[in-house]
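Here are some notes for a first look at this structure. Please keep the model open while reading them.

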Amino acid sequence: MRSTVYHSPVYNRESIQAWEKRWFAQHNSSLGLMQQVAWTIAERLDLYILQNSLSVKKIAVWCGSGNNAGDGYYTAAYLSQKGYDVQIFAAPTGDSSDLKQAILYAQLHKIQIEPNFAVPDQFDCHIDALFGIGLNRELDQNWQNTIQHFNQLSGLKVAIDVPSGLHANTGQTLPVAIKADITFTALAIKVGLVTGQAKEYVGQLEVISLIPCDEKLQPVAYLRSSHIYLPKRQAFGHKGSYGHVLVVGGHANMGGAVIMAAEAAFHAGAGKVTVICDASHHSAILSRAPNIMVQDIDQFDQEKIEALLRQIDAVCFGMGLGRDDKSAQIFQRWFEILKSQTQLEIVLDADALWFLAKQENIHLSKNMYLTPHSAEAARLLNTTVQKVEQDRVAAIDQLQQKYQGNWVLKGSGSLILENNTFFVCSTGNAGMGTGGMGDVLAGMIASLKAQFHADIALSDIVTLHGKAGDLLAEKGQRGIQAQHMSEAIYQVVNV
């Protein structure tokens with residue numbers, strides 16, 4: 001359906017550390033790699049400053065006590081050679097021989113090294129070389145104060161490898177982190193740089209690839225490319241050619257969710273859309289979108305449901321369904337039938353996930369797509385939101401292990417698990433954190449799966465949803481509404 005697009009592999013910390021050890025075991029120099037990383041950072045940072053016409057003359061390099069600090073000392077020396085006025089502020093050093101060599105190299109270039117972090121606000125650029133990939137503990141108050149001081153100072157902020165205080169595997173702060181304008185990460189992308197809280201701290205991400213991958217290096221996920229190309233429609237197509245989407249939900253007190261899902265389905269290209277909801281919403285739906293077909297949810301028994309499903313290509317179920325006793329009965333009636341419909345594309349969202357969490361020994365089929373946010377995921381896993389956010393990769397894996405099916409764990413750097421392959425969404429923005437965005441996503445998934453089935457990946461659809469949000473955010477993130485998404489969806493599916 002599309003030309004092949006390269007997705008960047010994403011690794012956890014342990015895989016990268018093992019990869020480095022294998023490289024060094026082949027008699028490659030750890031000091032040499034440190035020097036190469038630092039030289040590349042100095043080259044790219046110098047180019048970044050020139051290309052962006054930044055007035056940077058004085059640079060402060062903040063060095064910790066590990067090998068990440070060694071990168072900092074060498075970077076300081078190489079930037080000094082390029083004519084920048086560089087000063088190092090440092091913690092007491094460890095016993096690493098590579099680090100000692102790096103310090104000596106900086107001293108030979110007559111760079112002033114201050115044994116503290118009392119950095120004055122007189123530098124044009126600050127480079128973070130405090131902690132590297134290995135940080136996995138909560139920082140004590142002194143380190144928290146140091147990082148907060150770094151963030152409060154003016155000037156360009158640069159992080160080496162991972163912004164200090166950000167967990168390389170989870171993207172969570174420990175509990176504070178450097179807020180970088182640009183992060184130069186060594187060797188490969190760490191998953192904690194692209195999900196969780198990462199977008200707030202990483203800034204522009206630059207990868208420094210210096211050593212070849214080996215056969216033992218396995219990615220934990222792939223960073224989804226934002227380039228998606230849907231095929232042009234054939235001239236002889238008609239409404240029956242592009243899928244019939246069924247949207248089921250809409251409790252008497254919650255009609256908006258099904259409207260947004262149905263409109264998203266139409267704007268993503270579905271040929272026909274039917275909404276099954278409480279009859280009190282029919283007038284509102286038809287006045288807003290007269291091309292949507294409506295039916296009363298109270299009129300459906302098992303026989304009528306099964307008859308309707310024979311006309312349908314995809315279902316999105318649960319938007320505004322409600323959580324009362326009547327909603328529970330509706331869920332059970334529809335779910336018992338849907339879970340046996342292997343020929344349909346089925347999206348479960350919102351209140352369907354609420355009731356799913358109450359089910360026991362459920363094993364969903366590969367044609368089901370579930371789209372929880374962290375609170376819904378926590379309920380499904382019988383855990384807390386905090387634990388889900390502490391390790392989002394582990395959480396989505398646990399969801400799939402418990403329930404089967406395919407999953408989207410929504411949030412910044414949404415995670416997608418389809419056919420046992422992880423993807424991280426590279427699109428989307430904070431303006432999309434508003435009510436109804438999940439309903440829009442559910443409608444898009446149902447629509448595009450109805451049109452293309454296995455020929456479009458779940459990660460493609462999540463990416464298009466994020467691109468639509470990014471299109472809206474070009475005029476500002478604050479105040480974006482889910483009902484504004486339709487026109488943006490129309491544009492991104494026609495690129």
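Which residues does G320 touch, not counting residues up to four places away in sequence? The points below start there; note that the model is predicted.

1. G320 touches G249, G250, H251, M254, A257 and D351, with residues up to four places away in sequence left out. G320 itself sits in a loop. That loop runs between strand 14 (314–317) and helix 10 (325–338).

2. G320 is buried, because its relative accessibility is 9% and the cut-off for buried is under 20%.

3. The UniProt record, an unreviewed entry, has a "binding site" annotation.

4. Setting aside neighbours within four places in sequence, D439 contacts A257, M260, A261, M319 and D349.

5. Turn now to I285, in helix 8 (residues 282–288). Is I285 buried or exposed? I285 is buried, since its relative accessibility is 0%.

6. I285 is in contact with V258, I259, V275, C277, P290, I292 and V294, leaving aside neighbours within four places in sequence. G255 lies 30 residues from I285 along the chain. The C-alpha atoms of I285 and G255 are separated by 8.5 Å.

Definitions and conventions: Residues are numbered from 1 along each chain as its sequence is written. This is a predicted model: local features need pLDDT of at least 70, side-chain atom pairs count only at pLDDT 80 or more; totals for chains, interfaces and linings use all residues. Side-chain values use heavy atoms; hydrogens and water are left out. UniProt positions are given in the numbering used here, feature names are shortened, and annotations may be inferred rather than shown by experiment. Helices (H or I, at least four residues) and strands (E, at least two) are DSSP runs, numbered from the N terminus. Buried means under 20% relative accessible area, exposed over 50%, partly exposed in between (1.4 Å probe, protein chains only). Contact means heavy atoms within 4.5 Å.
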